[in-house]
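Q: I have a model open and want to go through its surface and side-chain contacts. Can you start with the terms?

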Number of protein chains: 2
Amino acid sequence: MSLSEIILGRPLASTEESKEELTVLTGVPVLGLDALASTGYGPEAALIVLLPLGVVGLRYFPFIVIAIVVKLATLYLSYRQTQAAYPNGGGAYVVAKDNLGVRAGLWAAIALLLDYLLNVAVGIAAGIGVVVSAIPALQPHTLTLCLTVLATLTILNLRGVRESGLAFVAPVFAFVACIGITIAIGLIRAWFGGGPAPIVPPPPIPMATQEASAWVLLSAFANGCTAMTGIEAVSNGVPLFREPKVRNAQRTLGVIAGILGLFLLGLAYLCPAYGIVAMDERQPGYQSILSQLVAAVTGRGAFYYVALASIFVVLTYSAQTSFADFPRVCRLLAEDRFLPSAFAKRGRRLVFTHGIVALSLLSGLLLVVFGGITDSLIPLFAVGAFSAFLVSQVGMVVHWLRQGGRAVRISLACNALGAATTAVALAIIVTAKFLEGAWITVIVAPALFHLLRRIRAHYDRIEREIEQPLPFEARPRQPPVVIIPIEGLNRVAEKALEFAVLLSNEITAVHISIENDDKQRLRELWTENVEKPARAANVPVPRLVIIDSPYRRVYEPIVDYVKRTKEEKPDRLIAVVIPELANPRWYEALLHNVYGAGLKTMLYVRTGERTVVIYVPWYLREP
Amino acid sequence: MSLSEIILGRPLASTEESKEELTVLTGVPVLGLDALASTGYGPEAALIVLLPLGVVGLRYFPFIVIAIVVKLATLYLSYRQTQAAYPNGGGAYVVAKDNLGVRAGLWAAIALLLDYLLNVAVGIAAGIGVVVSAIPALQPHTLTLCLTVLATLTILNLRGVRESGLAFVAPVFAFVACIGITIAIGLIRAWFGGGPAPIVPPPPIPMATQEASAWVLLSAFANGCTAMTGIEAVSNGVPLFREPKVRNAQRTLGVIAGILGLFLLGLAYLCPAYGIVAMDERQPGYQSILSQLVAAVTGRGAFYYVALASIFVVLTYSAQTSFADFPRVCRLLAEDRFLPSAFAKRGRRLVFTHGIVALSLLSGLLLVVFGGITDSLIPLFAVGAFSAFLVSQVGMVVHWLRQGGRAVRISLACNALGAATTAVALAIIVTAKFLEGAWITVIVAPALFHLLRRIRAHYDRIEREIEQPLPFEARPRQPPVVIIPIEGLNRVAEKALEFAVLLSNEITAVHISIENDDKQRLRELWTENVEKPARAANVPVPRLVIIDSPYRRVYEPIVDYVKRTKEEKPDRLIAVVIPELANPRWYEALLHNVYGAGLKTMLYVRTGERTVVIYVPWYLREP
């Protein structure tokens, strides 16, 4: 059993696939995971913006949450229509491409890629935020812990995770139950327990250092919008449901949006009631607001740790969903030739290895650059997610407009409302968060757009050029002119020479002479061992050319010689035969063959057509 | 002008070399730089060990310095003899190889490599220690500064630094003058100014936390021995001197050892007198002892900054000397085939590029691992330097013993004394500093010894096998069997096929079928475009073989097919013709050709002899 098999599992054949169908009950955890997990960072992201307002900020918090929940409602109505219109799955890429054309589809795909990428980084960072809330001693190791979780997810996904509903059901239900119970107890104690009195008091509310302003409130709204991320997942998942698919999917979306809305409103009431404010994740003693809330309402008993464990697991799982979706979008792009075809190929475990590795590297980079701090990643995340929402809903508006008629008026209105409010929210996010990271998305997205279009143009050009094979030409052709770069006349060179004889009558060995090199001896060896036997056998005599290289360059003189030969023989192929030592052990290769690979690249780039490169290996016998 | 020319300068021809001769006046700065710079870290390294003894430690300091100066005197006497015996340069490698054989030479070379390597790391770290003493705000950036200096030195050396005496003269003289003036003023103020009274008082001497013990004193001696590093440089530099070479070289050595001894004794008196103790380089507010001393004696005026600048420059220059010596030792090793021959080749600027890059990477690694803290690097440095001293002096003892006679008795005695005291010092260093880093050298040196011998054995074996060319065999041979792995029948594959026809009558195209691949269409294309024209022209028909790959592997089925073909045709060469897209732009290559290079490696490793790999490029036309 090889090391890769132990880590990655045995290879799976292409036929080993299975599938199962979702009900509302399993659909909520499987497709709602991502949206529900957003409770773990969205409200906190809004609260942290309000922090400089001190106690005044807490008073504004409910109004901001209400604005967010209203936006959530418009998204719910809007995506219901998408589900109905796209029973085979209405991801942003498909909807945008269908209705707005290939370019819009590409924008949607880029928005999705950024969304999924940030979802991994934010999910892991927020999950570790929960862990360091529960175990403060781990706080200095935030980044290390983030990267460990990322590495674990990467390996699991390279092994291939069965997206079984069952695996998600228990933790998501535990999470919903824990948050639900906490909110319920919190409300009961606040209303019937003689007013809210925290069992474990949260840290004191800092003094206000800033006045409330429209800017701060918009900024808090922008951050808080990340609480809605993931809500679109169900629109893409209709085909996974049991019949009646659309009906079940719509119900599931309703349940998810409902739970999320209730959670947000619960937090909007309880945080001010119990005096809970956000804390700086970079400072020692950091507590996420969910950690503070659970501790304030129920104390730091067993329930506290169970609740925080469920929050951690759900946040980590929500990162996991990106590992399923990111490679799928890459695959769609690769199938449309916007990405190298490797992204459309499944690896040894039937997963899209390239997409998983790309996602892992990029999100690892994000975590390192932003130090594993959730708050720093939020602006980028919000831009990516809302861009995807926007493209998808505009696509739906066009969809209904094209369809026309009275029957679609309500659907059209829902999607138009969704698109319009999303556009407003996105404008707020980009404006309010531009300096805090949104600018990165504003630069990266167009750059990616350009890159993907360039890749597509390149593949298109190649296809035009190389497809439509011509009939095979069987007429005889002239043999190539052979050039053999040699270091000296040894058995490695001899083997190359012997192969060259099979190929041509015109053979030239080229030796590049650097510094104090015994040219005379090489000439004598050549005369003795090559020229004389060839004359004796009456076959064409291979020539030896020695070129001095005063600047100690090796490639250039060879390439120049090949170029000159090409010009002298305008109608012939030039075969460059490179003698190589082939070593049975890979590390011994480090001691030789340093020139071979580079020479081929240079010949390709500098000499152009009519050059063929041949490697003739000479094998060392075992010692 | 290309980017590499701007950074590295124009290429130099092999003939563009010049030379100049040294006098005692220029010899002291050029060859003594390294030894004199050791004042910048040696005494401090001893003092830091005495720190836990508090004020008691300072009282022991002069005795430790006296022991070090005595050891320095024996080294001076010993190396005088080496200079006389090796007027053409008596580096440790040459002396050990001459007198003790190749194995001892190899040990000497390894000790030298480690010595030079650590000299770079310690020189830079101590230099930056001086910078952060003068500008405390830079202290958190110690490692970054160290790496910046290292990068600068690397680029300068890749450009090629003329080792002109003149470049070294001014800074070394400035350094000697500054330290000399400081010591003189310090003594005058202590003796005639009514007792030592620091102008800028050094930090208070910490309370003793430990009792004086033989162990602590030996440990301080071991650390302090680094003050002698670099003293051997003159023994290697005799041929650089003006006639009478030996005489001039010996005088230079005397002057260098004399200045160094006086400096050490001066510090031994002044540090206790002014109450100067070492400080922890990791703590904020760190001051090197030279910085404390200059400030205590002259205040923090212009002289302070001039003096510290000269110390910084000399320490950095001392790292620079390793950049000249390390590649030279690598070259000697490469010429004896203990290292790949690339280390013996001069790059575009007539410098040994590979040696410089290796030194830079390894010392960068050391700086990163030890955080740019001088104190942590000292134990490794002491072991490397004293090992080189020991091998060289033992070699000299054998040299005189072989020569025999009365005339050499004094020389023999000097070298024997040097060798014996060095052996004692080395034993103290390894014992006292084993846990603090000496163990690294104790592990690395034998590992390197083994590695270099393995490399030599490998090259020897290859030479035995490949040299002595056989006479060229002109008898006709059978053409190879050709196998062409193809992705489909497109123009790229066609070009490969056309080349294959030149080579052989037995041609098989192999297509690896993965997942939903249109095999039927490929077969039809083949029949239409290849088989029919070939039959019509009455030439042998190339075959098409399609192999299913259920595990989506690409390499393995091709390699297996080549292996089977080899077994079926035991007396034939197998030519694998790989069709490639050759792109005019390098970055476009990232979108193709991902399989070609790996396939060749795998064919070499897994199919063994009789396999030749041919790349036939197909060029994209410009858009």
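A: Patches are made of residues with over 30% relative accessible area and no salt bridge; like charges are joined within 9 Å, and nonpolar side chains (Val, Leu, Ile, Met, Phe, Trp, Tyr) within 5 Å. Accessible areas come from the Shrake-Rupley method with a 1.4 Å probe, and for residues only the protein chains shown count as cover. A salt bridge is a side-chain nitrogen of Lys or Arg within 4 Å of a carboxyl oxygen of Asp or Glu.

Q: Which residues make the nonpolar surface patch?
A: A:V55, A:V56, A:Y60, A:F63, A:I66, A:V70, A:I205 and A:L265 make a nonpolar patch of about 650 Å². This is a predicted model, where local features need pLDDT of at least 70, side-chain atom pairs count only at pLDDT 80 or more, and totals for chains, interfaces and linings use all residues. Side-chain values use heavy atoms, without hydrogens and water, residues are numbered from 1 along each chain as its sequence is written, and chains are lettered from A and ligands numbered from 1 in the order in which they are written.

Q: Which helix gives the most to that patch?
A: Helix α4 (residues 55-85) of chain A, with 6 residues. Helices (H or I, at least four residues) and strands (E, at least two) are DSSP runs, numbered from the N terminus.

Q: And where is A:I205 found?
A: In the loop between α8 (165-192) and α9 (214-224) of chain A. A:I205 counts as partly exposed because its relative accessibility is 31%. Buried means under 20% relative accessible area, exposed over 50%, and partly exposed in between (1.4 Å probe, protein chains only).

Q: Back up a bit. What is the mean pLDDT of chain A?
A: The mean is 85, and 91% of the residues of chain A reach 70 or more. pLDDT is the predictor's confidence in each residue, from 0 to 100. The model scores ipTM 0.71 and pTM 0.70.

Q: Which element of chain A has the lowest mean pLDDT?
A: Helix α1 (residues 3-8) of chain A, at 63; strand β1 (residues 481-485) of chain A has the highest, at 93. Where pLDDT is low, the predicted coordinates should not be read in detail.

Q: What does A:K600 form a salt bridge with?
A: With B:E580, the closest N and O atoms being 3.2 Å apart. The pair crosses between chains, from helix α20 (residues 596-607) of chain A, which holds A:K600, to strand β4 (residues 574-582) of chain B, which holds B:E580. Both A:K600 and B:E580 are buried.

Q: Which ring does the charged end of A:K600 sit over?
A: The ring of B:Y615, 3.8 Å from its centre. A charge sits over a ring if NZ of Lys or CZ of Arg is within 6 Å of the ring centre and within 35 degrees of the ring normal. The charged end of B:K600 sits over the ring of A:Y615, 3.8 Å from its centre.

Q: New topic: how many aromatic pairs over all chains?
A: The structure holds 17. In one of them, the rings of A:W107 and A:F449 have centres 4.1 Å apart and planes at 5 degrees, so the pair is stacked. Rings of Phe, Tyr and Trp (its six-membered ring) pair if their centres lie within 6.5 Å; planes under 30 degrees apart count as stacked, over 60 as edge-to-face and the rest as tilted.

Q: Where do A:W107 and A:F449 lie?
A: A:W107 lies in helix α6 (residues 102-134) of chain A and A:F449 in helix α16 of chain A, so the pair ties together parts 342 residues apart in sequence. A:W107 counts as partly exposed at 34% relative accessibility, whereas A:F449 is buried at 7%.

Q: What about B:Y79 and B:F389, stacked or edge-to-face?
A: Edge-to-face, at 6.1 Å centre to centre and 75 degrees between the planes. B:Y79 is buried, with a relative accessible area of 3%, and B:F389 is buried, with 0%.
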